[in-house]
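Here are a few notes to read with the model open beside you. Take them one at a time and find each residue as you go.

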Amino acid sequence: MLRLFSLLVFCLMSWHVAADDHLATAGNEQQAETTLASLLKQLPNTKLNKMAPLIKKIAATSAPQVPAILETLQAGELYYLKANKQLVHAQRTQHKKYDLTDLLSNAPLPSVTSSAIKKVRTNNRIRRQIGDLLSNMELNAKDPAIRLEAVKQLLDSPNKVGIKSVTLLHDNEPQSKIRELMSVVLAVEQLKAGTEAEKLAAVSILTGRLEPAVKNALVKALDNSTALSDKSELTRALSHAIDKIEQQGDLYQIADHLFFGLSLGSVLLLSAIGLAITFGVMGVINMAHGEMMMLGAYTTYVIQQTFPTLIEYSLLMAIPAAFVVSGLVGIIIERGVIRFLKGRPLETLLATFGISLILQQLVRTIFSPLNRQVEAPQWMSGSLDINPIFSLTYNRLYIILFALMVFFSLLMILKKSSLGLHVRAVSQNRDMARALSIKSSWVDAITFGLGSGIAGIAGVALSQLTNVGPNLGQAYIIDSFLVVVFGGVGNLWGTLVAAMTLGTFNKFLEPSMGPVLANIIVLVGLILFIQKRPKGLFPQKGRAAE
Amino acid sequence: MKFKKLIVASSIVASTMISNFAFAAENIKVGVLHSLSGTMAISETTLKDTVLMMIADQNAKGGLLGKKIEAVVVDPASNWPLFAEKGRELLAKDKVDVIFGSWTSVSRKSVLPVLEELDGLMFYPVQYEGEESSRNIFYTGAAPNQQAIPAVDYLMNDIGAKRWVLLGTDYVYPRTTNKILEAYLLSKGVKPEDIMVNYTPFGHSDWQNIVADVKKFGSTGKKTAVVSTINGDANIPFYKELGNQGVSAEDIPVIAFSVGEEELSGFDTTPLVGHMAAWNYFQSIDTEENEEFIANWKKYIGDDKRVTNDPMEATYIGFKMWVKAVEKAGTTDVDAVEQAMIGIAIPNLTGGIAVMNSNHHLSKPVFIGEIQADGQFEVVWSTPDTVIGDAWSNYLPSSKDLISDWTAPVSCGNFNIKTAKCSGK
């Protein structure tokens with residue numbers, strides 16, 4: 001009986017306490033909202049350089065509306081009505097027209113023109129501050145991806161509030177990856193202000209982490225500890241950890257350069273591979289090759305203009321279109337000019353150079369001499385993060401893969417198809433091929449069309465990397481010839497190896513030499529190489545070489 | 001004897017009067033020396049149109065000194081030596097009273113000796129590296145202390161930058177500007193290892209390495225900022241690469257001195273949003289004068305999408321000042337106009353007053369703007385007052401003792417205050 005009674009009393013008491021708690025939070029919330037409202041009133045009149053403390057105060061009220069308000073401010077959508085300084089969330093609907101909602105109540109307001117409202121201005125620094133504050137609030141978000149980003153941001157710009165919440169959240173974090181990163185954040189803190197033992201423990205957690213913030217913290221700690229004593233255990237642990245991080249950093253640096261080199265190489269490969277056919281296989285010096293790429297890039301532009309809603313698929317559509325456009329132009333050039341100049345390389349060179357100028361001027365007349373804007377689809381932007389110091393940009397990654405795909409499909413066409421057989425036959429012995437009833441003039445036209453079409457495809461890829469303008473082709477034509485000559489005329493594999501070698505060499509030289517000198521050195525090296533081996537890396541052998 | 005003198009004097013007066021009468025029927029000629037073809041045509045054609053608009057405007061108001069103004073447009077075709085030839089043609093053959101022209105520093109340096117030899121007068125409307133002051137040129141664009149130095153101050157004080165990357169295209173303007181900035185940063189206590197300098201050729205498009213280096217340079221925990229004097233279309237792939245490698249304006253802000261509304265027009269500016277530019281004028285600045293100027297420009301050019309930019313304002317100020325100086329002097333004679341120019345004040349388009357100083361440079365306000373998604377700039381900082389253009393930088397050892405003053409006692413473009421001598425001619 002007594003037990004029952006005491007249970008009842010206990011229950012009643014706990015209910016009472018809970019109710020009290022509830023009342024208290026409600027009171028706090030109300031108070032927070034009034035302070036928030038009064039702070040917000042100051043926003044329109046605050047100068048940019050006084051903004052930071054005000055925003056800090058706003059965040060400190062921890063009223064429930066704060067995250068939404070800060071997000072609005074960060075996105076640059078926080079305005080106030082010029083008439084009564086009421087703060088509004090404004091979204092542009094059309095030119096100079098804005099839809100408004102009240103900032104606090106979210107109640108819709110009548111739309112206005114831009115002259116009735118004024119923006120609450122922010123700058124880089126304030127948006128960064130807001131980002132940090134928001135990420136503090138996102139530390140316990142439901143979505144693990146958001147939590148991870150929040151912890152990452154905290155590591156980059158540590159602050160007391162964030163670290164306090166990480167200390168509380170760390171043990172209950174379900175995702176091991178996030179928990180690990182949280183302990184890194186805490187360890188970095190311990191490294192700043194902890195006992196010797198704590199610091200040692202922190203170092204063991206931090207060893208092998210690649211985040212730049214970790215390395216900075218370790219270096220700083222080492223600077224501080226060497227001031228105290230030289231040979232303490234901590235100093236040794238610190239310098240050991242730093243060495244290890246630096247070793248890995250060097251390794252990834254090399255990987256970085258290799259990736260950059262391969263990506264430059266794949267651009268060279270794409271631009272040279274069409275030439276490898278027209279110049280390498282057919283022996284035609286085509287100075288208008290660069291303009292075929294330019295046409296491909298402009299085709300991409302036209303496709304994007306024609307289907308403005310399909311930007312995401314525009315590149316996929318542009319690839320066949322560019323192939324057809326450049327290929328057709330190539331066939332017209334071959335039929336109209338080049339076939340009459342067979343066996344006269346100097347005249348072919350001059351004629352095709354003239355054609356390149358005509359094509360450039362044509363594009364200038366049609367599209368204006370200004371560069372055209374080709375948009376990048378969403379999937380081509382951003383980067384694939386392998387680890388905090390090594391990431392691969394998607395556009396380059398796709399272009400490497402794309403270049404290899406084009407290369408191997410071309411190889412297949414030449415090796416396995418009947419067209420390829422004919423092309424090889426004509427290029428090896430024209431008279432014999434004709435005697436075997438191969439229509440050599442037809443094969444010439446198709447081959448030239450194929451080479452030009454591939455240049456067009458290269459143009460689609462280049463439109464993602466460089467400016468699309470009338471001079472686009474000129475920038476690549478010299479490099480293309482270099483690659484083909486270096487690789488060995490008439491050898492596709494040689495072109496692949498040459499492109500990748502030149503690209504990688506260039507990118508490994510660039511950091512120490514600068515881009516201009518790196519180019520020069522590569523060029524001089526190439527000239528010396530050609531002196532030694534005039535037929536390139538992989539010269540054709542046997543009777544076909546003649 | 002006295003009588004004879006009187007006759008001579010009166011005959012001189014009479015002859016000048018006659019010659020004045022003879023000229024009265026003729027128009028006042030304004031030469032326009034901007035490239036209309038070649039690489040610089042993109043930027044310079046706009047300025048040619050601005051001058052033509054101003055002339056049409058002035059003629060509609062009744063001309064100048066009772067005469068019509070006539071434009072003589074030539075095309076130096078982005079070919080630097082041709083600037084000298086075309087300048088000579090304007091002065092010697094067409095006998096123009098004034099020239100508005102040039103964009104790149106190398107073209108200005110090319111035409112300068114011709115102007116001095118034939119005693120011509122030119123207005124140069126573009127921001128430049130300083131270290132020059134000619135009697136025959138009025139510099140209405142910004143000197144380094146009106147663009148580069150305030151921009152660095154902003155990054156240092158408001159953004160809190162501690163580490164600096166100076167990126168530039170490889171030619172005279174970026175090299176000189178970066179030299180001044182480096183000296184300035186060192187004088188502010190920045191350590192040499194916290195400054196990284198890099199030059200790239202015109203039209204550079206493969207920014208992978210450089211952006212990766214910047215990223216690495218900026219990962220040491222100290223706030224890093226990039227000061228960019230990258231010129232022309234190399235900018236677009238640069239900002240794209242920054243975006244792709246995940247460097248945001250909040251992490252490593254870039255401030256540019258050669259990126260304006262014209263360069264951004266028609267481009268997708270999403271990867272650039274939040275990065276900055278420093279100029280003396282932005283189209284977005286909300287004043288009545290500016291609104292009128294923009295409306296006039298759009299009407300004149302017949303295209304509602306055309307934008308205005310800083311060198312256009314400099315051209316506008318230069319032209320207005322020249323008109324006022326000619327009215328004040330009562331003649332278009334170069335020597336008289338040159339002296340009348342000094343001290344002339346006219347309202348600029350951003351709500352202040354532009355004054356021509358005795359060193360042939362203007363007093364201008366400096367604005368920092370952040371790039372918006374629509375290709376316009378939002379001003380985030382401005383100098384409280386106008387800044388007087390300084391021809392000779394105080395931060396370079398070779399020029400810190402030099403001043404320029406084209407008024408009576410000194411009358412020298414490079415006067416050394418230590419030795420009290422005019423170093424040039």
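**Notes on a predicted model**

1. Phe307(A), Leu310(A), Tyr313(A), Leu316(A), Trp379(A), Tyr398(A) and Leu401(A) together make a nonpolar surface patch of about 670 Å². Helix 12 (311–336) and helix 14 (394–416) of chain A are the elements that give two or more residues to this patch.

2. Now zoom in on one patch member, Leu310(A). You'll find Leu310(A) in the loop between helix 11 (289–306) and helix 12 of chain A.

3. Next, look at where the two chains meet. The contact takes 44 residues from chain A and 43 residues from chain B. Between them the chains bury about 3400 Å², with 40% of that on carbon and sulfur atoms. On the chain B side, Gln208(B), Asn209(B) and Asn244(B) supply 19% of the area buried against chain A, more than any other three residues.

4. What about charges and polar groups? Seven salt bridges turn up across the interface of chain B and chain A. One to click on is Arg127(A) with Glu370(B), whose closest N and O atoms are 2.8 Å apart. There are also 18 residue pairs in polar contact between the two chains.

5. Which element of chain B gives the largest share of the side that touches chain A? That's helix 7 of chain B, with six residues. Other elements giving two or more residues there include helix 5 (148–159), helix 8 (235–244) and strand 15 (377–382) of chain B.

Methods. Residues numbered from 1 in each chain as written. Chains lettered and ligands numbered in written order. Predicted model: local features only at pLDDT ≥ 70, side-chain atom pairs only at ≥ 80, totals over all residues. Heavy atoms only, no water. Patch = residues over 30% accessible without salt bridge, like charges linked within 9 Å, V, L, I, M, F, W, Y side chains within 5 Å. Areas by Shrake-Rupley, 256 points an atom, 1.4 Å probe, with all protein chains shown as cover. Salt bridge = Lys/Arg side-chain N within 4 Å of Asp/Glu carboxyl O. Helix = DSSP H or I, 4+ residues; strand = E, 2+ residues; numbered from the N terminus. Contact = heavy atoms within 4.5 Å. Buried area = accessible area lost by both parts, 1.4 Å probe. Polar contact = N/O pair within 3.5 Å; in protein donor to acceptor, adjacent residues only side chain to side chain.
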